[in-house]
Structures are given as C-alpha cells and as structure tokens.
Amino acid sequence: MIRDLSIVIPAYQEESRLPKTLSALGDFLAFGTSDIEIILVDDGSEDATPEIMSAWCAGRPFARSLSLLHGGKAHAVKSGIMAARRNRVLFMDADLAVPLDEIPKLLHELDRGADVAVGSRETCGASRVGESPLRRLRGRAFNWLVRSLLIKGISDTQCGFKAFTRQAARQVFTKTLLHATPNQGLRGPSVTAFDVEVLFLAAYLGLEIVEVPVRWTHVRESKVRTVADPLRMTGDVLKVRLNAMTGKYSKPE
C-alpha cells in the first residue's frame, strides 16, 4: 500500500489527454492506496484544462489544483513541489508516458534510503516503446553532453518521472535558478532542461540519487520541437555549468 506521498502533475493545454489520465489516477488511488495527496498544476492553459482539473478535485479532499500564469513546465513543477505536504513527493507528466504502476519502484528506493529516485529509460530492465530512431539519437547526444559537463553516472536525466523525500525536494528546488520564476513573455509550450539543474543540485548537495528502470511509451502529440527545443536545452546545460563555475549554487552553511 502506498502511503505518505504527494503526486504533482503539471499540465499545459491538456484538455484532450487529461480526462483519461485523471480516470486512470482515480482507478489507481482506489486500488490499495492511502494518505496520498494529488496536486494538479495548470500552467496557464487557454483551453479547458483548468476546468477539468477543478471538476476532478471537487469532492476529493486529498486533491487540489493550482492555477498559474503561463510560465513553463519548470515553474509549474516547482510550484507543485513546494506546495506538497507529504514526506515523499513525486512529479510525473500528464500524458502518463510512464504508467502509474511504476510509482512503487521509485518509492521503494526512497524507503531504502535514497534521497532522489529517478525514472530511467536507459538502465537495465527499462523499456521504450514507440520512439523514433531520430528522437532516441537526439536524446543520447544530449545525455552525453550532460555527462560530459555536469553529471556523471546518470544515464537518463530527462524522463519526467522523479521522486524525492520532501526534505531533499525542498533543498534542491529552493536553489534552482533556471526557469525558477514565470517567463512572462512565454508563448506556447516550453521544453527545457530543468531536470538537469535539479539533478545537478541534488548531486552537488551530496544527496543520494538512484536510477530506476521504468516502462516508457512515446505519446503522440508531443510538445517537443525538433530544432528549437534541443537548442534551448543545450543552452540550459551551459547556463548550469556557468552558474556552477561562478559559484551561484552555494552550499548551505
């Protein structure tokens, strides 16, 4: 039975996929779970996403929705994480690319003493379904860049399925600098490398990070743009490297 967990789900313009996700979440919660908090975070959607969230949370005392100005996924995730009240917190994508029944795997690692458990599509035992060779190649090239400049030993930084102890989450997310506040001029979806900064900070602070193999399925209607987003993500990696070199990530006293 899953206990003492906050689940954060950010969403932007997800009116077509969100009902199915919330239906699956309702079924999951009815199957031997207790003491779980659901935090749905709307990233300033202009479709029916906020109304769908509010309607689902109504009558469910363990669920609440946050409505933000559109500022990007990183800001939405951070807002949900900082609002979490349970001792363990997990964020996941609204498209359920990683199914809900993979959650216990990450929690098991936290129970064993890890501070951060990272869903991975690359470690032994993981599976990837429906991904194009080009996307896979792009992902491997990006991970090589991350491992070369910032984080060694993590094979997949970008899977949107990560869990933290509440203490670790607050230690890390209070120090994030990239996309930590809403981008007031943002238009459309924003795919960034905020996960890289989060994991870099976790390692920098000496927290224990464990990669966990998960089942991942590529979901159609991806918001990733072929050229613009990889360039933005590369820029994010370079910014984290520069911040680290200039001492902007100070260790706590």
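Two strands are taken to pair if DSSP finds at least two bridges between them, strands being DSSP runs of E with at least two residues and helices runs of H or I with at least four, numbered from the N terminus. By that criterion, strand β1 (residues 5-11) and strand β4 (residues 88-92) pair in the parallel sense over three bridges. This is a predicted model, in which local features need pLDDT of at least 70 and side-chain atom pairs count only at pLDDT 80 or more, while totals for chains, interfaces and linings use all residues. Residues are numbered from 1 along each chain as its sequence is written, and side-chain values use heavy atoms, with hydrogens and water left out.

**Sheet**
- Seven strands form an open sheet of mixed pairing, in the order β3-β2-β1-β4-β7-β5-β8.
- Because β3 and β8 (209-213) stand at the edges with a single partner strand each, one side of each is left without a neighbour in the sheet.
- In the pairing of β1 with β4, serine 6 has valine 89 in β4 as its bridge partner.
- Strand β2 (residues 36-43) runs parallel to strand β3 (residues 63-68) and is joined to it by six bridges, with alanine 63 in β3 as the bridge partner of isoleucine 38.

**Helix pair**
- The axes of helix α1 (residues 18-29) and helix α2 (residues 49-57) come within 10 Å and cross at roughly 20°, where axes are lines fitted to C-alpha atoms over the stretch in contact and angles run from 0 to 180 degrees between N-to-C directions.
- Residues of α1, including Leu22 and Leu25, meet residues of α2, including Ile52 and Trp56, contact meaning heavy atoms within 4.5 Å.
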